[in-house]
Amino acid sequence: PRLFTDTIDVIGVAMGRQSVTLTAAATQLVERVRFSPGQSVGRGAVLVELKATEQDAGLAQAQASLVQAQRAYDRYKTLGQQGFASKAMIDQYEANYLSAKANVAAAQARQGDRLIRAPFAGVVGLSDITPGSLINPGSAIVTLDDTSAIRVDFQVPDRYIASVRQGQAVTARVDAYPGEQISGRIALLDTRIDEDTRALTARAEFPNPDRRLKPGMMMRVAVSQGARQSLSAPESAVSVQGDNAFVYVLTRQGDQTVAEQRPVVTGVRQDGFVELKDGVAAGDRIVGDGLNKIQPNQAVKPVGSARPQGAGGAARRPAP
């Protein structure tokens, strides 16, 4: 007996929890690069400084105008309280003060455009940007990925929708780590089914504390539909001929042990084992390997000690 799980097997591409390609909002020369490729950075960290001489001067000019406008407003406000200035004049100087204050905010924003910051915590990728490089709006500077968790979007046919739910556990495998199973969960389900493919998009998340999973990896995701216990045999013990499957059961005929070819009904294949739904019973001894060397009802001699419940040894022709 072995536990078999019915799964929906799909393929998806790994993505970071958040991913972005940073660009500049203005044409300017690079003054300073403040990151190294592969470096982990925090949210708001300055990655690149662009030349900002003109913007610094503009900010200083706007701040000076603000000081002058504020003094004039405060003076006329005091005169108005003493009855020496009209309300219209006070309103005019207040408007001048507010306009100067807005000019300072605009100058600070233009100066801020010269600092390229990380919008979230993550790892920066490779970049060829160096001090003195000319950056244009939309030009890629560096990639930033939050790889603390990996998300995978995959399609679920609509006939399986009842078998998937938000928060459900899933597993995945990647070619880079053969034989390793990665555990995760379904984080989100789309609200609509695609009319063309009749499939629902699901998003799975997999913790990635050691950063072994990389964005862009192909991942084979398995969504469990339930488990059951059935008889099983190693794949090497099952012979497939067309639509039929057979195993060789060791039976006694007189003083000989023969390999009886017995048809079986197979189910799923998982982890090197085949589910056997019918044709054999618990405790039957079968030939586990080397089926191409055996003929039906051929006399054989088991090699080595017997192992229970389907763990058959190799078989060979009896010695003359």
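Buried residues account for 35% of the 320 residues in the chain. The model shown here is predicted.

**Overall form**

The chain holds two helices and 17 strands. Its radius of gyration is 36 Å, well over the 20 Å that the globule rule gives for 320 residues, so the chain is more spread out than a compact globule. Along the principal axes, the C-alpha atoms fill a box of roughly 130 × 45 × 35 Å.

Contacts reach across the sequence. Take those between residues at least 6 apart: 70% of them join residues at least 24 apart.

The accessible surface is about 18800 Å². Carbon and sulfur atoms supply 48% of that surface.

**Strand β8 and its partners**

Strand β8 covers residues 140-157. Its pairings with β1, β6 and β11 are listed below.

| Partner of β8 | Residues of partner | Sense | Bridges |
|---|---|---|---|
| β1 | residues 2-23 | antiparallel | nine bridges |
| β6 | residues 122-124 | antiparallel | two bridges |
| β11 | residues 199-207 | antiparallel | nine bridges |

Val20 has Leu144 in β8 as its bridge partner. Val123 is bridged to Asp145 in β8. Ile150 stands opposite Phe206 in β11.

Technical notes:
Residues are numbered from 1 along each chain as its sequence is written. This is a predicted model: local features need pLDDT of at least 70, side-chain atom pairs count only at pLDDT 80 or more; totals for chains, interfaces and linings use all residues. Side-chain values use heavy atoms; hydrogens and water are left out. Helices (H or I, at least four residues) and strands (E, at least two) are DSSP runs, numbered from the N terminus. The radius of gyration is taken over C-alpha atoms; the globule rule is 2.2 Å times the number of residues to the power 0.38. Buried means under 20% relative accessible area, exposed over 50%, partly exposed in between (1.4 Å probe, protein chains only). Contact means heavy atoms within 4.5 Å. Accessible areas come from the Shrake-Rupley method with a 1.4 Å probe; for residues, only the protein chains shown count as cover. Two strands pair if DSSP finds at least two bridges between them.
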